[in-house]
Amino acid sequence: MIGQAWRRWVSPGIVLAGAALWMFGTARAAPPPAALQPADGAVDVNVGVLRWTEVPGCVYDLRFGTEAAPPLYRTGLAVAQEKPVVLELDRTYRWQVVARRDTVVVATSPVFSFATLPIALQPSLAYGHFVDARDDKVYWTVTVGGREWMAQNLDYELPGASWYYDDDPRRKVYGRLYAGRALAGDQAAICPAGWRIPTRAEWVELLDALGGAKAAGPACKEAGPAYWRRSDAARLNTGGLTVLPGGSRDRKPSFGNLGKYANFWTATPDPEIPGGYYQVDFGFMRDAVNVSTGDGDWSYAIRCVKD
């Protein structure tokens, strides 16, 4: 025993000996960080943000990737968040957070996982990407006929003027359906900064670059078996636009034609039809792509083109 007559514990970590007082450090375990966004096991993720619960007084090392043991992605993060994170389509990602004070690790999270939108792009083409600063959604893009187009449908909420099919967020792979009347307002506020709704002429230009309106359907449609209703019409996606049959919303309102048709607004009004705008539609049983007038009380998808 060491000097019990003159030494006693007064509280954890403090030793009183005569007139002297010593402090010494003890390692305290902290609750491990928990996934906030996306939730562990989430699917159809298209927002490029990773958020987790805070561990007071800590900085964070983030491991992230598609590997079972994700590699180091960022180190020394001062906040419990990382953005923007570019997410590829049709991938399962894994991530883990290590909280530390200086060099001492105080908590390590489990390995979390999530899956992104199950959309198969054309593997033979080079795609670009960008993040919409308004809501941190990640979009992939493709160049056709000298113009850069979104290879996904727009998924930006316009309150009272945009909807997921059947009002079901599980349909977000198709993006949102936008009321035609929204085009009569500030069109610049619909697409992300630096992007806009294409005109009728720009859609025709795109179709001409892929064989013309009478034959461009196969080059534009997503090629897999998951979305389009079965038919004899070819789906090759050689142009990379990856068109999905997201259906429409009518004036009743009711939703219809999921799996059968893809309709896209253009920025061009039809001077013969009050409130009408030209729209482009792809059908599951035909190679031809129609360009016709759309009723402003209906809702269709939007693809944006770069300024």
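In the predicted model, Cys304 is buried, its relative accessibility being 0%. This residue forms a disulfide with Cys191, with an S to S distance of 2.1 Å. The count of disulfides comes to one. Cys191 lies in the loop between β17 (177–179) and β18 (195–196), and Cys304 in the loop between β24 (299–300) and β25 (305–306), so the bond ties together parts that are 113 residues apart in sequence. Because the torsion about the S-S bond of Cys191 and Cys304 is about -85°, the disulfide is left-handed. Cys191 is likewise buried, at a relative accessible area of 2%.

Two further cysteines were examined. Cys220 is buried, with 0% relative accessibility. The closest cysteine sulfur to that of Cys220 belongs to Cys304 and is 16 Å away, which is too far for a bond. Cys58 is also buried, with a relative accessible area of 8%.

Aromatic contacts were then considered. Over the whole structure, 17 aromatic pairs are found. Among the residues involved, Trp52, Tyr60, Trp95 and Phe112 are linked into a cluster by ring pairs. Charged side chains also lie over aromatic rings: the charged end of Arg134 is placed over Tyr156, 3.5 Å from the ring centre, while Lys221 sits over the face of Trp228 at 5.0 Å from the ring centre.

Strands β10 (residues 92–101) and β11 (residues 104–108) pair in the antiparallel sense through four bridges. Within this pairing, Val98 has Thr108 of β11 as its bridge partner. Two residues lie between the strands of this hairpin, in which Asp102 adopts a positive phi near 55°.

Definitions and conventions
Residues are numbered from 1 along each chain as its sequence is written. This is a predicted model: local features need pLDDT of at least 70, side-chain atom pairs count only at pLDDT 80 or more; totals for chains, interfaces and linings use all residues. Side-chain values use heavy atoms; hydrogens and water are left out. Two strands pair if DSSP finds at least two bridges between them. Rings of Phe, Tyr and Trp (its six-membered ring) pair if their centres lie within 6.5 Å; planes under 30 degrees apart count as stacked, over 60 as edge-to-face and the rest as tilted. A charge sits over a ring if NZ of Lys or CZ of Arg is within 6 Å of the ring centre and within 35 degrees of the ring normal. A disulfide is a pair of cysteine sulfur atoms within 2.5 Å. Buried means under 20% relative accessible area, exposed over 50%, partly exposed in between (1.4 Å probe, protein chains only).
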